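Morning, everyone. I have one structure to walk through.

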Amino acid sequence: AAPGTAATAAAPGTAATAAAPGTAATAAAPGTAAAPKGPVLSLRFLAEQWGEEGVVSVVAPNIQQRTKIELVLVVDRSGSMQGKNMQLVKKCMHLILAQLGDEDQLGVVSYSSSANVDVSLTFCTASSKSRMVGQIDGISCGRGTNMSEGLEQGLKQFHTQKPGDSTRAVVLLTDGHANEGISDAALLVAHLATHRGGCPDVVVHTIGFGKNHGAKMLGGLATAGAGVYMFAESEDILKRSFADAVSAMASCLVRGAILSLRSPTGSAPQPRTELPAKQVGEAWEVEVGDLAAGERRDVLVLVPGVSEATLRYRDMVTKQHETIAIPCQPRILDNPDQDVLYDAIARVTTAAALREAAEAAGRGDFDTAQETLHTAQDTIACTDTKQAAQMRTDLETGLRAATAAEFGRTGANQLEAMRAAHTGQRSVGGLGMYTTPAQARMQQVF
């Protein structure tokens, strides 16, 4: 075990795990399980059949934990948002405001040809809430879509505040394409990285509302901001998208987690994951990111190439930076653990296929897109788990999306949203298999 951590010895036929430091068992609240207050890093291998790959699982237990929030909403108010769309977004902002307490902070930036700071990042006391309602209602639509200035002003809200014990995020909403300011996707991502440099703990989520936004650009921004892209095709999904983002912040247990993989013989082999990963010396580091209660991240590793897995993170319960470590030891698995491994293999296969199909379809090469998705279907066809069945359904949806008839309409948006969900193992607009109990409860409010 790493210094300051308690390691549990693996009993025969069980997974090796490390207990999160400073944690204790807690009584289960309704709808939650009794679990340590912190993540559990577990490593499982299927030696006899899948001995070439194992899975490292980072799991945040399903406990009730209310974390303080610092949230800035960056909202498109271009001409296409006029009328019903803007009224719906304002309603969502009012619902978000109603869920925030005295220790939470909310800011609102709206943008058309230029950006306005409608609500500076402010504690949500009773008196400030009444003022914010009027400020939100006073937002009016303009003409252009200067997304870059909106993002810049949104991130600047955090530059004067030191990171504390809150989860911090920007949620960007648009129903169109950037047509003023920086409109090139790569330059806009670089612009985001520059301004996020002053507040690297701030996560950036993106919501594409309707059918006419640029999914590739919004997906790139979310990836660069360690967040998730959500495709809100309808009013209901827009509400659930906001609910997912807010509830994930409020129930956050782990912030900025980094998984490090080491080998006993020099350089560790590259893990098979769609999460951001890079080689640091002889180790590979995977950006696991923030985890809310009930979330998990699974990373495939080569066996026996990896000997140790270490997780560094900010624990939102102990309010400390923590490190936990486990050895990577192959063993015979029972059925539940086999399913974890099989699902991880199916998941990375599905996420990679959705990404590659979207790239091929974006080039107009629909034959390659279709072939890629069919190959993924064949690869996971024999994986007999509930999650793999949903992945096969998503690949089937992808086949319809990656066609000349559909890709330019909503196909690109669907492919990117499904890729984001499976890559991050995150709920996207309340749909799919990754919705946590906290998100389900929040969706009832919205």
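I will take the sheets, then an aromatic pair, then the pocket, then a few loop residues.

One caution before the tour. This is a predicted model.

Start with the six-stranded sheet. The sheet is open, and its strand order reads β7-β6-β5-β8-β9-β10. The pairing in it is mixed. At the edges stand β7, residues 115-123, and β10, residues 229-232. Each of those two pairs on one side only. Between neighbouring strands of this sheet the turn is 15° on average, direction ignored.

Now the β7 end. Strand β6, residues 105-111, pairs with β7 in the antiparallel sense. Six bridges join β6 and β7. Which residue in β7 stands opposite Gln-105? Phe-123 does. Then look at helix α3, residues 126-137. That helix packs on the sheet and touches both β6 and β7. The direction of α3 makes about 165° with that of β7.

Next, the five-stranded sheet. Its order is β12-β13-β11-β15-β16, and the sheet is open. Here the pairing is antiparallel. Which strands stand at the edges? β12, residues 277-280, and β16 do. Each has a single partner strand, so one side of each lacks a neighbour in the sheet. The twist from one strand to the next averages 25°.

β12 and β13 are antiparallel, with four bridges. Val-280 has Ala-283 in β13 as its bridge partner. These two strands form a hairpin, with two residues between them. Gly-281 sits in the turn, and its phi is positive, about 65°.

β15 and β16 run antiparallel and are joined by eight bridges. In that pairing, Tyr-313 has Glu-322 of β16 as its bridge partner.

Stay with these two strands a moment. The loop between β15 (308-315) and β16 (320-327) holds Lys-319. Its phi is positive, near 65°, and the residue is not glycine. A reminder on that: most residues other than glycine have a negative phi.

Asp-165 lies between α4 (147-159) and β8 (166-174). Leaving aside neighbours within four places in sequence, Asp-165 is in contact with Thr-67, Lys-68, Arg-314, Met-316 and Lys-319. Asp-165 and Ile-69 are 96 residues apart along the chain. Their C-alpha atoms are separated by 8.8 Å. Asp-165 is partly exposed too, at 27% relative accessibility.

On to the helices. How many aromatic pairs are there? The count comes to one. The partners are Phe-366 and Phe-407, and the geometry is edge-to-face. Centre to centre it is 6.2 Å, with 70° between the planes. Why does this pair tie together parts that are apart in sequence? Phe-366 lies in helix α9, residues 366-380, and Phe-407 in helix α11, so the pair links parts 41 residues apart. Phe-407 is buried, with a relative accessible area of 16%. Phe-366, at 21%, is partly exposed.

Follow α11 to its end. Gln-425 lies in the loop between α11 (407-424) and α12 (437-445). Its phi is near 50°, another positive value in a residue other than glycine. Gln-425 counts as buried, because its relative accessibility is 4%.

Last stop, the largest pocket. Its volume is about 1300 Å³. How many residues line it? The lining has 48 residues. Those nearest the centre are Ala-222, Thr-223, Ala-224, Ala-226 and Pro-276. From the helices come α6 (215-224), α8 (335-362) and α11. From the strands come β11 (252-262), β13 (283-292) and β15. Recall that β13, β11 and β15 sit in the five-stranded sheet. And α11 is the helix that carries Phe-407.

That is the tour. Questions, please.

Key: Residues are numbered from 1 along each chain as its sequence is written. This is a predicted model: local features need pLDDT of at least 70, side-chain atom pairs count only at pLDDT 80 or more; totals for chains, interfaces and linings use all residues. Side-chain values use heavy atoms; hydrogens and water are left out. Buried means under 20% relative accessible area, exposed over 50%, partly exposed in between (1.4 Å probe, protein chains only). Two strands pair if DSSP finds at least two bridges between them. Axes are lines fitted to C-alpha atoms, for helices over the stretch in contact, and angles run from 0 to 180 degrees between N-to-C directions. Contact means heavy atoms within 4.5 Å. Rings of Phe, Tyr and Trp (its six-membered ring) pair if their centres lie within 6.5 Å; planes under 30 degrees apart count as stacked, over 60 as edge-to-face and the rest as tilted. On a 1 Å grid over the protein atoms alone, a cavity is a set of points where a 1.4 Å probe fits but cannot get out, and a pocket is an open set with protein on both sides within 12 Å along at least five of seven lines; lining residues have an atom within 4 Å of a point. Grid points are joined across faces, edges and corners, and a volume is the space filled by probe spheres set on the points.
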